[in-house]
Amino acid sequence: MAGGVGHSGRRGAAQAARRGRGGKSRAASAGGRRAVSDEFDVVVVGAGPAGAAAALTARRAGASVLLLDRADFPRDKACGDGIAAHSVDVLAELGVTEAVAGYAPLPALRMIAPGGGAVARALPRPAYTVPRQVFDARLVAAAVAAGAQLRRHTVRQVEPRADRVVLDGELSGRVVVGADGAGSVVRRALGHPANPDRHLALAIRGYAPALPGPSEQVIVTSQARWPAYAWSFPIGDGRANVGYGEVLRGEPLSRAYLLDRLAALLPGTDLGTVTALRAHHLPLSTHRPAPGQGRTLLVGDALSLINPFTGEGIFYALLSGALAGAAAAHAPEGAARRYADGLRRRLGTHLRHSSVAAWLARRRRVVDAAVRAARRDDRVFDDVVELGLGDGRLTARTLAMIGIALPGGDGPPRR
């Protein structure tokens, strides 16, 4: 994969051998600053998919790695739990082959447009629904098995220095990777505020009995309060991950309102049966900060890497984490530049296309036309899926087909 994902290096291995697997050392005080008790080549703040991928990649390159999280694992995380084939690809590059083991593949996607039109087709490659309580714990276990140290710790202070980044005055890394989510402490330390309204979504998620019918992902877009949609993703154990989310526009959204919208768009779901309800923010990729500064890098949600077209973020998290881990391990003094270059090469064009798609999709009639076009033409469907779940692009052919579908009307499917 471009940008150095998964490659190993001798420099980091030599450092790890000098320091020992844990990477501990005693740093002298400089300029009145107190000594730092624990030093590592790479410290990763946040052990979700982005952080675990960064830790795993850096360890495979031979760096000593400390992986921090404020929670013990396994732990729940509010999310749609959808794992697209593109995420499985990144995990395979990292040598993680069991992340979705035991969960049935979902071969199809049904999407209902704001105007009520629908398309249901086989996905180009199957997706999975794996609860984050399971998925994240498996990735953390893989990072620890590779030699990363896992520690429960809530980071409150980030202090960049010339040759290291110090956390809370006691931990330091030659590079620090901020993988600490939408409310990232590392991001704030770099001077980047949270995403503003219209570049930030709010969603609520729970678990309910799976809807009857075929095993498929279901997305129901909303005519009211667009852009917004509800989802139902079967897990394969009789339950489904269900939820509703919408882009924020300046007014607060209550839990009761979110649940009312979920019930309206998923009428087969009885709210009385929904468990583990949790809300979460989604910082959209249309308002990203710089990916790094000096020896501090941002990945996943902390970098606002959420697809603005679909709300998908696990693929971005895994890929950005892997790219950051490689950059941190191989060239700590130039980590930010190396990481930014790799991210631009790997995702730059796609992110521009997804932003354009999100801008076009602000108009409900465009989404209605896209669903009509996808129902008529499987190549349009595949393009939309690749753009929303992976690293696809808006092709001229798909744009033309959506344009043709704008006036409305129906026609036989074309292959």
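This is a predicted model: local features need pLDDT of at least 70, side-chain atom pairs count only at pLDDT 80 or more; totals for chains, interfaces and linings use all residues.

Modeller: P74 sits in the loop that runs between strand β2 (65-69) and strand β3 (82-83). The peptide bond leading from F73 into P74 is cis, with omega near 0 degrees.

P227 belongs to the loop between β11 (216-221) and β12 (228-234). As background, most peptide bonds are trans, and most residues other than glycine have a negative phi.

R198 is not a glycine, yet its phi is positive, at about 75 degrees. R198 is located in the loop between α5 (185-189) and β10 (200-209). With a relative accessible area of 55%, R198 counts as exposed, because the cut-off for exposed is over 50%.

A276 is not a glycine either, and has a positive phi of about 55 degrees. A276 is placed in a strand, β14, which covers residues 275-283. Its relative accessible area is 39%, so A276 is partly exposed.

Now the helix contact. Helix α9 (residues 364-376) and helix α11 (residues 396-405) have axes that come within 8 Å and cross at roughly 110 degrees. The two helices are therefore roughly perpendicular to each other, since angles of 65 to 115 degrees fall in that class. On the α9 side, the contact is made by V366, A369, A370, R372, A373 and R376. On the α11 side, M401, I402 and A405 take part. Sorted by class, the contact of α9 with α11 has seven nonpolar residues, two charged ones and no polar ones.

Last, the confidence. The mean pLDDT of the protein is 91, and 89% of its residues reach 70 or more. Over residues 24-32, however, the pLDDT is below 50. The model gives this stretch 15 contacts beyond near neighbours in sequence. Residues 409-415 also stay under 50 in pLDDT. For residues 409-415 the model has 16 contacts beyond four places in sequence.

Key:
Residues are numbered from 1 along each chain as its sequence is written. Side-chain values use heavy atoms; hydrogens and water are left out. pLDDT is the predictor's confidence in each residue, from 0 to 100. Contact means heavy atoms within 4.5 Å. Axes are lines fitted to C-alpha atoms, for helices over the stretch in contact, and angles run from 0 to 180 degrees between N-to-C directions. Helices (H or I, at least four residues) and strands (E, at least two) are DSSP runs, numbered from the N terminus. Angles under 35 degrees count as roughly parallel, over 145 as roughly antiparallel, 65 to 115 as roughly perpendicular and the rest as oblique. Ala, Val, Leu, Ile, Met, Phe, Trp, Tyr, Cys and Pro count as nonpolar, Asp, Glu, Lys and Arg as charged, and the others, Gly among them, as polar. Buried means under 20% relative accessible area, exposed over 50%, partly exposed in between (1.4 Å probe, protein chains only).
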